[in-house]
Amino acid sequence: METLKLLATFNNEIEAQVVKAKLAEAGIESLLRSADTDNMLPMLDFITGVGIYVEPDDLSVAQGLIGSGSDDLDDDMEVGVGD
């Protein structure tokens, strides 16, 4: 892997995992990085955030995926959707 580029930072791991799954569906590998690697102090994630990193070649496509209005990530995180 080349030097990875930061795609986005999220307040918690759940939001980051949703985006990671969207990227994986599009064939883009990503890596999550968190200050709280062992989940002992989740408050660290809230303070520093959870970063998603991708290969430099995938950065512009990944930015388009998470920034497009046609695929609203907030809809995927709504409680009760699809029940």
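**Close-up views of a predicted model**

**View 1. Helix H1 and its buried face.** The buried residues of H1 are Ala16, Val18, Val19, Lys22 and Leu23. Seen down the helix axis, these residues fall within an arc of 155°, so they line one face of H1. The structure shown is a predicted model. H1 covers residues 13-25, 13 residues in total. Its span from first to last C-alpha is 18 Å, close to the 18 Å expected at 1.5 Å a residue. Ile14, Ala24 and Glu25 are exposed, on the face turned away from the buried side.

View 2. Asn12 caps the N-terminal end of H1. A side-chain oxygen of Asn12 lies 3.1 Å from the backbone nitrogen of Ile14. Gly27 follows H1 and has a positive phi, near 85°.

**View 3. The open sheet.** Three strands form an open sheet in the order E1-E3-E2, with antiparallel pairing. E1 (5-10) and E2 are the edge strands, and each pairs on one side only. Neighbouring strands are turned by 25° against each other on average, direction ignored. E2 pairs with E3 (residues 50-54) in the antiparallel sense, over 5 bridges. Helix H3 (residues 59-67) lies across E1 and E3. H3 runs at about 20° to E1.

View 4. Ser30 belongs to strand E2, residues 30-34. Opposite Ser30 stands Val54 of E3. Ser30 has a relative accessible area of 14%, under the 20% cut-off, and therefore counts as buried. Leaving out residues up to four places away in sequence, Ser30 touches Lys20, Leu23, Ile52, Tyr53 and Val54.

How values were computed. Residues are numbered from 1 along each chain as its sequence is written. This is a predicted model: local features need pLDDT of at least 70, side-chain atom pairs count only at pLDDT 80 or more; totals for chains, interfaces and linings use all residues. Side-chain values use heavy atoms; hydrogens and water are left out. Helices (H or I, at least four residues) and strands (E, at least two) are DSSP runs, numbered from the N terminus. Buried means under 20% relative accessible area, exposed over 50%, partly exposed in between (1.4 Å probe, protein chains only). Contact means heavy atoms within 4.5 Å. The expected span of a helix is 1.5 Å times one less than its number of residues. The arc is that of the directions from the helix axis to the C-beta atoms. A polar contact is a pair of N or O atoms within 3.5 Å; within protein, one must be able to donate a hydrogen and the other to accept it, and residues adjacent in sequence count only if both atoms are side-chain atoms. Two strands pair if DSSP finds at least two bridges between them. Axes are lines fitted to C-alpha atoms, for helices over the stretch in contact, and angles run from 0 to 180 degrees between N-to-C directions.
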